[in-house]
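Please read them with the structure open.

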Amino acid sequence: MRLPDADPGSVARGWLEAADLPTGDPERLPVVVVEGGQPGPTAWVTGGVHGNEVTGIAAAQDVAEAFVDGPPVGEYHERRNATRVGVADPAAVRGRIVCVPVVNPAGLRRASRGSYYHDEDPNRAFPDPTEDAAVGSTVQERVAERLYDAFADADLLVDLHTAGAHSVPFVIRHRVLHGDLRTEREALELSATLDRLEDALGIPVVGHYPPSEYVERGLHRSMVGAAVNGAGVPAVTVELGGHGTVDPTARAAGVAEVFRALVAFDMLESVPGPVDRDAPSFEVPVDFRTRRYRGPRTSTAGIVRHRVAAGGVVEEGEVIADVRAPTGELLESVWADHDGYVLGHRIGAAVYENDAVASMAVRDDEPPVAERP
Ligand SMILES: [Zn+2]
């Protein structure tokens, strides 16, 4: 994949050749390069690896647009418009920002999470350098491999997603695993960089699943998982609200998070005023470190009714949702099995037995650095 050339202090748009399609056209990923006025780190900003998580696409686009026709160094435009174009000067950037707003164009075309090449989840297709990925790899894995090769020497990667229905925005911090690819000391260094990044962000940070569940679910082969645990690139997953259509508030939160990350990596002096002003503020509703959790789970099939809104704090044993029969009567109350808060609701109301009704942030007892299971 070849990035478009941009002169120092300018913005260039182009396409990354991802694969050939059976219909004779190339599958291309849109790319915008913001070439800073001074040398410095390279940051990648990606969206739409899940094709229906469109608020992430919009946020990645608007990070790049913020630099189009921006004001001179040291000034920020105070334009009051919905998209915040031209609020920052590319010449004021140290380093290079590479924005790829649509990583999964096949998913975007049909408004679905996956691509249709072989119906895979593109965010579990990135290479695991401990495995021989070339054997039997699918076209989706080849596309992910080409993208991985392009970002593997980056200094920062922010991947923008949207979580479940009504979700609050949050950042997922991946665990740094040591083993074949890096020593414990190297893993601790990478984790310290993630600490610095975490401190700079404005929305709640939630740890990823415990190490064995993380690997079992293939999350080390997600884009951020492969960046952190394969290439050793500091990276975070940002989960915005707004699934299916662009949510303006969540979009603004996403743009601001990327700018905060750029400032934390000394690529910019400060977050542009209009970007900062648009960003909604979020309080972490609990005073302990949390991790992702899918649950609690139902024991009966039926139609779920939530009782706790996203962002709401729950204690273990508290009722979080009810399951009703199609005829309306209560079948089951679903109790929280952990302390924490609700991140978002399950998409869709129908549940089978043992389905998780919500996504939660629960007390995290696992260390941020661990030996790879
Ligand atoms: Zn996603």
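1. Helices here are DSSP runs of H or I with at least four residues, strands are DSSP runs of E with at least two, and both are numbered from the N terminus. Just after helix α6, G232 takes a positive phi of about 75°. The model is a predicted one: local features need pLDDT of at least 70, side-chain atom pairs count only at pLDDT 80 or more, and totals for chains, interfaces and linings use all residues. Residues are numbered from 1 along each chain as its sequence is written, and side-chain values use heavy atoms, with hydrogens and water left out.

2. Overall form. The protein chain holds eight helices and 18 strands. Its radius of gyration is 21 Å, which agrees with the value near 21 Å for a compact globule of 373 residues; the radius is taken over C-alpha atoms, and the globule rule is 2.2 Å times the number of residues to the power 0.38. Along the principal axes, the C-alpha atoms fill a box of roughly 65 × 50 × 50 Å.

3. Of the 373 residues, 56% count as buried. Buried means under 20% relative accessible area, exposed means over 50%, and partly exposed lies in between (1.4 Å probe, protein chains only). Contact means heavy atoms within 4.5 Å. Among contacts between residues at least 6 apart in sequence, 70% join residues at least 24 apart.

4. L108. This residue is found in helix α2 and is partly exposed, with a relative accessible area of 37%. Not counting residues up to four places away in sequence, L108 touches G51, V54, I57 and V102.

5. Loop between α2 and α3. Two residues here deserve a check. A111 lies in the loop between α2 (105-109) and α3 (139-151), and has a positive phi of about 55° although it is not a glycine. D119 is found in the loop between α2 and α3 too; its phi is positive, about 60°, and D119 is not a glycine either. A111 is exposed at a relative accessible area of 57%, and D119 counts as exposed at 59%.

6. H208. Is H208 buried or exposed? H208 is buried, with a relative accessible area of 2%, and is found in the loop between β8 (205-207) and α5 (211-216). Leaving aside neighbours within four places in sequence, H208 is in contact with I172, R173, H174, R175, Y214, L219, R291 and R292.

7. Helices α6 and α7. In α6 (residues 223-231), eight of the nine residues are buried, among them M223, V224 and N229. In α7, 14 of the 17 residues are buried. Helix α7 (residues 248-264) reaches 24 Å from its first C-alpha to its last, close to the 24 Å expected at 1.5 Å a residue; the expected span is 1.5 Å times one less than the number of residues. D247 caps the N-terminal end of α7, with a side-chain oxygen 3.0 Å from the backbone nitrogen of T249. Just after α7, D266 takes a positive phi of about 60°.

8. Cis peptide. G295 and P296 are joined by a cis peptide bond, with omega about 0°. P296 lies in the loop between β10 (290-294) and β11 (302-306).

9. S359. S359 is placed in strand β17 (residues 358-363) and counts as buried at 12% relative accessibility. Apart from residues up to four places away in sequence, S359 touches Y293, R294, V342, L343 and G344.

Terms used
Polar contact = N/O pair within 3.5 Å; in protein donor to acceptor, adjacent residues only side chain to side chain.
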